Amino acid sequence: MITLLDYGAGNVRSVINAIETLGPKVKVVSNIDDILSAEKLVFPGVGNFESMMRTLNKKNYVGALKDYLLSNRPYLGICLGLQALFEESEEAPDTKGLGLITGHVKKFDIDLSVPHIGWNGINIKNESRIFNGLRGDEKFYFVHSFHVVPDDDSLVLTTTNYGLEFVSGIQKGNITATQFHPEKSGDAGITLLKNFLEPSNEKKTPVYVSEESRLAKRIVACLDVRSNDQGDLVVTKGDQYDVRENGEVRNLGKPVELAERYYEEGTDEIIFLNITGFRNFPLEDIPMTEVLKQTSKNVFVPLTIGGGIRDYTDKNGRKYTALEVAAEYFRSGADKISIGSDAVLIAEEYLRTGKKTGNSSIEQISKVYGAQAVVISIDPRRVYVTSPDEVNHQVIKTEEKGLNGEKYCWYQCTIKGGREGRDLDAITLAQVCEKLGAGEILLNCIDKDGTNSGYDIELINAVKNAVTIPVIASSGAGCVEHFYEVFTETEAEAALAAGIFHRKEVPIATVKNYLRNKVETRL
Ligand code: 1PR
């Protein structure tokens, strides 16, 4: 029996699924005795150091956790479960950590996008049982803005490079903790978890020992989900957001089955978008929570869910905050949520008042779950102008001139799946959302969606240059060369595609094979 400490933030379902897929049953801690009597304790954490420690203190778990750790029984800390072991964190200067390891947790101070999101390698510094069966050149999934700095170098198990070399794993006796998420790291992560659950006596150093790991560019599969006219939940795909063909909603498969196929084919991440979520209450509209629960049983890469995430009052007058909606998705297996229409309305309000309210969906979810859990999905459309002075928006000079030879354009934000254009440009939206606490931008482009004509490089550069958070380039992928183009002509951290994957025109493995030796990917 494995005991798992869930303090209520983030996606513990994936950790439970990953462990149970290996055999053992998981017991979730519900009182102090569960911690004290545990034989093997797993503590996965995402989110915010202060809210984690506040919850642990409120539940009186801190003393029991310290006792457990001091007894040197097996412990696996993941992400915040690593950071919790330290004395303090820059994320919450007034909050004490567990203090088992002397040292502190520091914010990334680097010239690269923060959070550090994606698949990166590990540089192995010590032998360990948890490396059994690993070659050493595998990549693991990271998502964090802070990293640990132990005083004692001998505790360092692995390091990783991202703008600097930081500690990504520690080992002290039977206590192992990683900054990366094994439960989100595909086969390599499952192997590592297996080694923790059934340790052999032999400590291993893998064959391949890297000196400088590299973050991979991510290839992301996106599944637009909605009910068709017969009421079936289907993955659909639009041409410039029009998902109907001969009057019928295109049906390209079932969400869970397609997600499992993409996992097998090597996707680095999966995004589900409930594309009609803006109409009704997303938790009742279509069963996306069930889709997440089923998918997360067999798919061990990050899952993002979007569509309709906002405050909502249902037909009985019951009010739901966006935070409650997001919490339900995290409990069901999501790692990140994506906000589209609501982000536009929030940004408009912010620009009108100049004030952060703290109550918006972006701010609330970011505060509890961390910036890395909040993705902003932008649905822009090009609007051509003859001169930058013509509009009060961030305008770019474009190589792709308008129908009347216009040399400039701005990217108009839309809401409700492109149905309503707003007086806000995509660059400003991205900047405001970053300020409010978003951790990543999913940058679609209505003009390019479904055209197979390549990404809108100008749009991606304009947004990427305006923010410091990672950007997922989306819309228009038609062949492997388009992925090469987006990764070499822009600084985008990830490239998403839908149509070519659904229609099996270009499998994910073909994209990665093409990029081999040209662009760093997870092979
Ligand atoms: O506004 O918070 O309710 O979220 C709704 C979400 O649904 C948004 O993220 C929005 O992008 C998405 N959405 C709404 N309507 C559509 C539609 O297609 N009619 N899908 C839609 C947008 C864009 C990408 C697509 C890429 C790649 N989908 O998801 O996958 O363009 O496609 P391609 O590779 O085939 O070119 P809210």
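**Entry 1: helix α1**

I began with helix α1 (residues 13–21), where S14, V15, I16, N17, A18 and I19 are buried. Buried here means under 20% relative accessible area, exposed means over 50%, and partly exposed lies in between (1.4 Å probe, protein chains only). Helices (H or I, at least four residues) and strands (E, at least two) are DSSP runs, numbered from the N terminus.

I noted two points before going on. The model is predicted, so local features need pLDDT of at least 70 and side-chain atom pairs count only at pLDDT 80 or more, while totals for chains, interfaces and linings use all residues. Residues are numbered from 1 along each chain as its sequence is written, and side-chain values use heavy atoms, with hydrogens and water left out.

I then looked up what covers the buried residues of α1, and the cover includes β1 (2–4), β2 (26–28), β3, β4 (75–79), α6 (186–197) and α9 (288–298). Contact means heavy atoms within 4.5 Å. After α1 comes G23, with a positive phi near 125 degrees.

**Entry 2: helix α3**

Which residues of helix α3 (residues 49–58) are buried? I found F49, S51, M52, M53 and L56. Their cover includes β3 (41–45), α4 (61–70), α5 (80–83), β5 (86–89) and α12 (361–369).

The N-terminal end of α3 is capped by N48, which has a side-chain oxygen 2.8 Å from the backbone nitrogen of E50. I count a polar contact as a pair of N or O atoms within 3.5 Å; within protein, one must be able to donate a hydrogen and the other to accept it, and residues adjacent in sequence count only if both atoms are side-chain atoms. N60 follows α3 and has a positive phi, near 60 degrees.

**Entry 3: helix α13 and the cores**

I looked up α13 next. This helix is largely enclosed by the rest of the structure, because eight of its 11 residues are buried. The buried ones are A426, I427, T428, L429, A430, V432, C433 and L436. D425 caps the N-terminal end, with a side-chain oxygen 3.1 Å from the backbone nitrogen of I427. Just after α13, G437 has a positive phi of about 120 degrees.

I then turned to the nonpolar cores, each a set of buried Ala, Val, Leu, Ile, Met, Phe, Trp, Tyr and Cys residues joined through side-chain atoms within 4.5 Å. The largest has 144 residues, and L85 and F483 have the most contacts inside it. Helix α13 (residues 426–436) gives the most to this core, with seven residues. In soluble globular proteins, nonpolar side chains tend to be buried together.

Leaving aside neighbours within four places in sequence, I listed the contacts of L85 as L69, Y75, L98, G99, L100, I101, I170, I175 and A177. A second, separate core has 16 residues, among them V114, F142, Y162 and L192.

Is E440 buried or exposed? E440 is buried, at a relative accessible area of 0%. This residue is in strand β28 (residues 440–443). Not counting residues up to four places away in sequence, E440 touches I117, R218, K336, V374, V375, I376, I469, P470 and I472.

Y312 is in strand β20 (residues 312–313), and at 18% relative accessibility Y312 counts as buried. Beyond neighbours within four places in sequence, Y312 is in contact with N280, F281, R318, K319 and Y320. The side chain of Y312 reaches the backbone nitrogen of F281 at 3.4 Å.

S361 is in helix α12 and is buried, with a relative accessible area of 3%. With neighbours within four places in sequence left aside, S361 is in contact with A322, I339, D342 and I346.

**Entry 4: the ligand**

Which of the 25 residues around the ligand come nearest? They are S341, S377, D379, D449 and S475. A residue is near a molecule or strand if one of its heavy atoms lies within 4 Å of it.

By class, I found nine nonpolar, 12 polar and four charged residues in the shell. Ala, Val, Leu, Ile, Met, Phe, Trp, Tyr, Cys and Pro count as nonpolar, Asp, Glu, Lys and Arg as charged, and the others, Gly among them, as polar.

An oxygen atom of the ligand is 2.6 Å from an N or O atom in the side chain of S341. A polar side-chain atom of D224 lies 3.0 Å from a ligand nitrogen atom.
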